[in-house]
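Dear colleague,

Here is the structure I promised to pass on to you. My notes on it follow below, and I would be glad if you read them with the coordinates open.

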Amino acid sequence: MAYFKTERLVLRPLQLKDAERVEELAKDYDVAKTTLNIPHPYPAGGAKEYIQRVTEAEKNGEIVCLAITQKENETFLGIINIKEDVKHHRGELGYWIGKPYWGQGYCTEAVKALIPFSFEELKLNKLFATAFTANQGSWKVMEKSGLKYEGTLKQHVHRSGRYFDLAYYGLIREDYLKER
C-alpha cells in the first residue's frame, strides 16, 4: 500500500474509519459540484460503499486511492487517486478536498507527492487529469504541479442535466525526466 509524507500532509490508504468524515465533507454541494462522481445529495452510507469498492479495485491493480490527512493532527482533508490504464501505461489523477481546506495548497502538495510515484513506481508513461473549465481551483492545482494544458474537451461530460467542458492536463514520462 502506498503511503507518503510531505511537509504538511500524510497520504495514506483510505480506511473504513474514514467513511463518516468522507460523508461530512463530500455532502457539501460546493465540493460535489466540482467533481464528476460525488453525488449530491450524498447518500447516507455511501462513503462506506465507496471505500469498499475502491479497496477491491486497489487489490486488482486498477487504482491507487489515498486519504489526504494533515501530518500534525491526522485530520482527514480529502481524497487523491490514480486510476491506472495498464494497457496504455497511463494514469488518471483525481482529487478533492473539503471546502474548509480550499485555497491552502493541500491539493497541490498532494499531487506533487504522487507525480514521482506515478512514473517511478507505477511506471506510467503518462499522468493526466481533467477538470471542469469553470473549476479554476482544480486546473490551477494541475498547473502548479507541473502538468501541462493539452486542450479543452467540449461538452465532454453530462452532470445534473447539463453538459460541461473539461480542461485536460497531462505530463509524460519524457518531460518528467527532463524536469527532474
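Is S160 buried or exposed? Please keep in mind that the model is predicted. At a relative accessibility of 70%, S160 counts as exposed, since the cut-off for that class is over 50%. The residue sits in the loop between β7 and β8 (162-172), and although S160 is not a glycine, its phi is positive, near 55°.

Q155 also deserves a look, as a residue other than glycine whose phi is positive, here near 40°. Q155 belongs to a strand, β7, which runs over residues 148-159, and with a relative accessible area of 55% Q155 is exposed.

On the backbone there is one further point to check, namely the peptide bond between H40 and P41, which is cis, with omega at about 0°; P41 is found in the loop between α2 and α3.

Turning to helix α1, which spans residues 19-26, the buried residues there are A19, R21, V22, L25 and A26. Because these residues cover an arc of only 165° around the axis, they lie on the same side of α1.

How values were computed. Residues numbered from 1 in each chain as written. Predicted model: local features only at pLDDT ≥ 70, side-chain atom pairs only at ≥ 80, totals over all residues. Heavy atoms only, no water. Buried < 20%, exposed > 50% of the residue type's maximum accessible area, 1.4 Å probe, protein only. Helix = DSSP H or I, 4+ residues; strand = E, 2+ residues; numbered from the N terminus. Arc of directions from axis to C-beta.
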